[in-house]
Amino acid sequence: MKTLPSTYVEGFHDREAVEAMEYRTLGKTGLRISKLSLGGGPFGNLYGTCNEEEVIELVRHAIKQGINYLDTAPWYGQGRSETLLGKALKGIPRQAYYIATKVGRYELDYERMFDFTTEKTRQSFQKSLDLLGLDYVDIIQVHDIEFAPSLDIIVSQTLPELSRQVTKGKAKFIGVTGYPVSVLKECIERSNIDISVVLSYARFTLIDDTLMQYIPFFKEHNIGIINAALTCMRLLTNRGPPEWHPASDDTKQQCKEAAGCCKDHDMELGKLSVWGSMECEDVSSNLVGMMTLDELKANLDVVRNGISEEEKLVLKEIREKYLSKMMGQHWESEGLKQSWNSLK
């Protein structure tokens, strides 16, 4: 008989669905989390307006189906994501899920977007707990650390404050997130605070495998790895990216042509992207933002059943014709430059 995760609650979960889910240990935390986890970015309307009632039903159904790791942040809709999650989690046993939120990134206005100071960190984290309706979160993360004026403030202010929150019992473990994986590594090397988790987004996808270079380091330090943005923030989908997407026009065009190929075969590029990005055994969980029950159903199907042989052939075709041309291309330097110019 398959060993059920400690988050399993008899009478609440769909036992058959939980048994069908794969669980992996999140580094030194010891938490066994689902291979597929639920990202709360779309709940903040980052990818269009979401329906509140459907989001609440989506969260509850996802947990019942065995997804036991949820991720959100104040930045997602300036608190809307946390608010919706708080509503959705009412009545759900606290044992049934692990949840992570963040500090450091907040408002749309560039001048007030980032604040990594001790006082703001403390205030923001308490507000997050209030919005979520929780006494504690399992993981508290510093959001997009590459945008701090320097890593000094992360090391000397943000992380020590989060450590104090862990001591108070308001969080269990500390994590850092960011787009440049090199910065995550440097932060771990420089900090004397115990960092247990890294969240890397859009760096292990069909067009970027940068994360692979750093996995040996994270494994050596027993750091749990969350792989997020498997579709490169909708770049690798039939629908295409949102207007704010930082990728170059050339990259967007190549992905659009790959999506066209998928449409010709009546297939969804997003599905192939999710499957392809889930193939790394060293990743603890793959974080996917979802807005609808149909998206949840599709992603659960990929986890349980993979993709068909015909879909694998199409994936091979689009990799050879389009995606291989983009390997090694990313928006790391350009995205930072644009943001810092706006901040200045």
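**Figure 1. Helix H9 (residues 269–277) is mostly covered, with 8 of its 9 residues buried.** The model is predicted; local features need pLDDT of at least 70, side-chain atom pairs count only at pLDDT 80 or more, and totals for chains, interfaces and linings use all residues. Residues are numbered from 1 along each chain as its sequence is written, and side-chain values use heavy atoms, with hydrogens and water left out. Buried means under 20% relative accessible area, exposed over 50%, and partly exposed in between (1.4 Å probe, protein chains only). Helices (H or I, at least four residues) and strands (E, at least two) are DSSP runs, numbered from the N terminus. The buried residues of H9 are Leu269, Gly270, Leu272, Ser273, Val274, Trp275, Gly276 and Ser277. Their cover includes strands E9 and E10 (285–289). Helices H8, H10 (293–305) and H11 (309–321) are also among the covering elements. At the start of H9, a side-chain oxygen of glutamate 268 comes to within 2.6 Å of the backbone nitrogen of glycine 270.

**Figure 2. Threonine 205 sits in the loop between strand E8 (197–201) and helix H7 (215–220).** Its relative accessible area is 9%, so threonine 205 is buried. Contact means heavy atoms within 4.5 Å. Not counting residues up to four places away in sequence, threonine 205 touches Ala229, Leu230, Cys232, Leu236 and Ser277. Of these, Ser277 is also one of the buried residues of H9.

**Figure 3. Arginine 234 has a positive phi of about 75° although it is not a glycine.** The residue belongs to the loop between strand E9 (224–228) and helix H8 (249–264). Arginine 234 counts as buried because its relative accessibility is 16%. Both E9 and H8 are among the elements that cover the buried residues of H9.

**Figure 4. Aspartate 144 is a residue other than glycine with a positive phi, near 55°.** Aspartate 144 lies in the loop between strand E6 (137–142) and H5. Its relative accessibility is 4%, so aspartate 144 counts as buried.

**Figure 5. Glutamate 161 lies in helix H5 (residues 151–167).** This glutamate counts as buried because its relative accessibility is 1%. A polar contact is a pair of N or O atoms within 3.5 Å; within protein, one must be able to donate a hydrogen and the other to accept it, and residues adjacent in sequence count only if both atoms are side-chain atoms. The side chain of glutamate 161 makes such a contact with the side chain of arginine 164, at 2.9 Å. An α-helix has 3.6 residues a turn, so residues three or four places apart point the same way. Leaving aside neighbours within four places in sequence, glutamate 161 is in contact with Thr118, Thr121 and Arg122.

**Figure 6. Valine 303 lies in helix H10.** Valine 303 is buried, since its relative accessible area is 14%. Not counting residues up to four places away in sequence, valine 303 touches Met21, Leu36 and Met278. Alanine 96 is 207 residues from valine 303 along the chain, and their C-alpha atoms are separated by 20 Å. H10 is also among the elements that cover the buried residues of H9.

**Figure 7. Leucine 46 is placed in the loop between strand E3 (36–39) and helix H2 (52–64).** Leucine 46 counts as partly exposed because its relative accessibility is 24%. Not counting residues up to four places away in sequence, leucine 46 touches Gly41, Tyr76 and Trp244. Proline 242 is 196 residues from leucine 46 along the chain, yet their C-alpha atoms are separated by 8.5 Å.

Figure 8. Along its principal axes, the C-alpha trace spans about 55 × 55 × 40 Å. Of the 344 residues, 58% count as buried. Residues 24 or more positions apart make up 76% of the contacts with a separation of 6 or more.
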